[in-house]
Amino acid sequence: MFKLVVLISGNGSNLQKIIEQIETGAINAEISAVISNRPDAYGLKRAQQANIPTVVLDHTQFADREAFDQSLAQIVDSYNPNLVVLAGFMRILSDSFVEQFSNRLINIHPSLLPRYKGLHTHKRALEDKQQEHGASVHFVIPELDAGTVILQGVVPVKVNDTEETLAERVHKIEHIIYPKAIQWLVEERELSPEKPVKVFLEEES
Ligand code: GRF
């Protein structure tokens with residue numbers, strides 16, 4: 001069985017969709033563990049409800065990033081995962097972690113990469129008066145938000161959008177593309193890194 005380890009820091013709505021798509025059989029994989037760096041992450045409850053083992057590794061208990069990342073790497077590695085899924089994991093991972101799991105570490109970023117790497121993506125898209133915005137599932141490499149894009153989800157930007165309404169729309173497309181991208185990796189589907197496949201959000205009624 002293809003094994004996932006999912007890293008979270010918060011709400012875990014993407015985790016929830018991945019769990020659901022595994023349950024329906026749309027993803028042929030199992031989640032070996034959900035790991036959170038925050039003890040109060042709601043995503044831990046979602047995992048427990050689905051009978052998935054959880055681990056809390058509180059980064060505030062470590063002297064520095066390297067020490068935390070070394071422990072994290074050991075725990076992740078102990079599950080021998082085929083894929084490590086960052087789903088709202090709000091920490092930058094050190095190069096040594098990223099290199100240890102290279103080609104099996106993915107993230108979802110709330111923009112149409114290569115546009116808007118880093119933070120405040122919705123605000124920046126609005127300021128630039130973009131007509132389209134979205135999210136990208138990509139491999140993680142040491143350079144921030146710069147790894148090969150696997151799949152993108154596109155949403156329209158509407159005239160009255162605020163950061164909140166736009167973020168909500170982007171979340172909807174994230175919930176569609178993350179499970180899909182994971183299944184593509186399970187299937188070892190050939191990717192088109194130069195021109196990633198785009199999924200468009202169906203118009204809301
Ligand atoms: C998502 O917006 C994702 O783009 C970003 O973190 C957020 C996670 O949300 N990397 P959730 O915890 O899955 O609800």
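User: Which residues gather in the patch of negative charge on the surface, and what makes it a patch?

Analyst: In this predicted model, the residues are D64, E66, D95 and E99. Asp and Glu count as negative, and like charges are joined within 9 Å when the residues have over 30% relative accessible area and no salt bridge. The four acidic residues are therefore grouped as one patch of negative charge. One of them, E99, belongs to helix α4, which spans residues 95–100.

User: Why is the contact between K123 and E127 called a salt bridge?

Analyst: The N to O distance between the side chains of K123 and E127 is 3.4 Å. The cut-off for a Lys or Arg nitrogen and a carboxyl oxygen of Asp or Glu is 4 Å, so the pair qualifies. The structure holds four salt bridges.

User: How are K123 and E127 placed in helix α5?

Analyst: K123 and E127 are four residues apart in helix α5 (residues 121–127), so about one helical turn separates them.

User: Which residues surround the ligand, and how do you know that they are near?

Analyst: The ligand is surrounded by N11, G12, S13, N14, G88, I108, P110, H171 and E174. A residue is counted as near if one of its heavy atoms lies within 4 Å of the molecule, so these residues meet that criterion.

User: What is the peptide bond from L113 to P114, cis or trans, and where is P114 found?

Analyst: With omega near 10 degrees, the bond from L113 to P114 is cis. P114 is in the loop between β5 (105–109) and α5. Most peptide bonds are trans.

User: What is phi of N51, and where is N51 found?

Analyst: Phi of N51 is near 60 degrees, a positive value in a residue other than glycine. N51 is in the loop between α2 (42–49) and β3 (54–56). Most residues other than glycine have a negative phi.

Technical notes. Residues are numbered from 1 along each chain as its sequence is written. This is a predicted model: local features need pLDDT of at least 70, side-chain atom pairs count only at pLDDT 80 or more; totals for chains, interfaces and linings use all residues. Side-chain values use heavy atoms; hydrogens and water are left out. Patches are made of residues with over 30% relative accessible area and no salt bridge: like charges are joined within 9 Å, nonpolar side chains (Val, Leu, Ile, Met, Phe, Trp, Tyr) within 5 Å. Accessible areas come from the Shrake-Rupley method with a 1.4 Å probe; for residues, only the protein chains shown count as cover. The place of a charge is taken as NZ of Lys, CZ of Arg, CG of Asp or CD of Glu. Helices (H or I, at least four residues) and strands (E, at least two) are DSSP runs, numbered from the N terminus.
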